[in-house]
Amino acid sequence: MTYDFQIVPRIIFGEGALKELGVQARKFGEKVLLVVDPGILKAGLIELILEDLQKENLDVSTFSDIEPEPWVETADEAAKMAKEEKVSCIIGVGGGSAMDVAKAASILATNAGKASDYQGLDLVKNAGLAKIMVPTTAGTGSEVTFTAVLSRKEPKMKAGINSHYLFPEIAILDPSLSVPLPPKTTATTGMDALTHAIEAYTSYQASPLSDIVAREGIKLIAANLRTAVHQGKNLNARSNMLLGSLLGGIALANAGVGAVHALAYPLGGSFRIAHGVANGLLLPYVMKFNVTGCVEKCADVALLFGESGEGVREEVLAEKAISLVVKLSEDIGIPRKLSELGIDEKNFPEMADAAMKVSRPLENNPRKVSKEDAISIYRTAY
Ligand SMILES: [Fe+2]
């Protein structure tokens with residue numbers, strides 16, 4: 001088989017890596033736009049970042065008007081600021097929302113039109129401004145992907161801008177930034193990362209290279225997510241989770257995600273359910289549906305979770321993988337049923353219609369999903 005493997009040119013990882021931000025940003029010019037999660041302004045991390053950027057004599061504008069599951073208009077606003085301030089580099093600091101707005105703004109600053117014009121695959125014509133991503137959660141892996149997911153009000157939906165121009169130039173990963181993250185966000189973002197690694201591993205587009213990355217991601221997340229949630233100050237667990245989510249991001253940028261993401265999109269788009277909650281909840285139900293299409297890899301997931309597997313049939317191990325994901329999910333307090341999220345059964349046909357439009361992840365899924373299958377997965381998850 002022929003395969004294509006892409007990765008951001010520079011990844012700086014480790015405790016204290018944030019100190020590199022100013023020096024790296026300075027290489028692109030004198031003016032930067034800092035796109036930050038509003039939570040970071042409250043947490044006081046912003047002072048540290050600004051100090052570092054000022055040390056390099058950088059002229060910094062800050063955009064922090066970002067909501068969870070951000071709207072396309074938010075990216076348009078950030079791009080407007082980047083153009084007005086004539087910045088040469090955009091720095092995204094935060095979780096997926098801030099990083100996706102930053103990535104989208106970088107191409108909107110150099111391409112005419114609005115964010116909604118570019119939702120789809122390869123619609124971006126010109127390269128964007130330089131981008132440096134600094135994740136503060138171990139989840140989305142957006143620091144190493146070519147996607148920016150944004151929500152639209154009419155029709156209510158979430159869709160990605162997918163273009164190689166969205167690959168950041170630099171990703172700076174400092175595990176100490178994720179230490180203040182509360183247990184609930186650690187849990188939901190961590191399940192998103194696990195979903196990336198498992199979906200990329202079982203994807204139709206998976207390659208030997210993406211498999212190496214995805215397997216290591218699954219192993220790290222399975223071994224460290226509980227500790228990161230329950231002992232947030234444990235820097236070793238935080239570091240391993242950040243590495244796990246980075247690997248999940250690299251794997252998904254190359255092998256794609258699957259039906260969990262497709263079925264989760266309407267939960268975010270129509271019901272504003274956080275991406276990590278939707279994925280974490282749906283993951284075991286979709287694995288159950290998929291298992292006949294990827295028995296060998298599902299069985300391997302059980303081994304990556306630490307099962308010995310000696311003398312156990314592949315089918316049994318594959319089922320075990322699902323129960324291990326359920327157990328992890330329960331241990332970290334992820335909701336297990338759609339009914340707990342206040343979603344009514346009568347919405348399922350409409351949700352399934354919306355999920356069917358998320359075509360790329362569905363094409364990658366190891367088992368073909370029909371609209372009826374999607375409704376039935378939602379029902380089982382109800
Ligand atoms: Fe995701």
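1. In sequence, the donor residues of the iron ion follow the spacing D-x3-H-x64-H-x13-H, where donors are N, O and S atoms within 2.8 Å of the metal (3.2 Å for Na, K and Ca), and sites may look incomplete because water is not among the atoms. Asp 192 lies in helix H6 (residues 183–201) and His 275 in helix H10 (residues 275–290), so this pair ties together parts that are 83 residues apart in sequence; helices here are DSSP runs of H or I with at least four residues, and strands are runs of E with at least two, numbered from the N terminus.

2. This is a predicted model, in which local features need pLDDT of at least 70 and side-chain atom pairs count only at pLDDT 80 or more, while totals for chains, interfaces and linings use all residues. Residues are numbered from 1 along each chain as its sequence is written, and side-chain values use heavy atoms, with hydrogens and water left out.

3. The protein donors of the iron ion are Asp 192 (OD), His 196 (NE2), His 261 (NE2) and His 275 (NE2), at 2.1 to 2.3 Å from the ion. Both Asp 192 and His 275 are buried, a word that stands for under 20% relative accessible area (1.4 Å probe, protein chains only).

4. Turning to the sheet, six strands form an open sheet in the order E1-E9-E6-E4-E2-E3, with parallel pairing, where two strands pair if DSSP finds at least two bridges between them. Strand E1 (10–13) and strand E3 (59–63) stand at the edges with a single partner strand each, so one side of each is left without a neighbour in the sheet.

5. Strand E2 (residues 31–36) pairs with strand E4 (residues 89–94) in the parallel sense over five bridges, and Val 36 stands opposite Val 93 in E4.

Terms used
Buried < 20%, exposed > 50% of the residue type's maximum accessible area, 1.4 Å probe, protein only.
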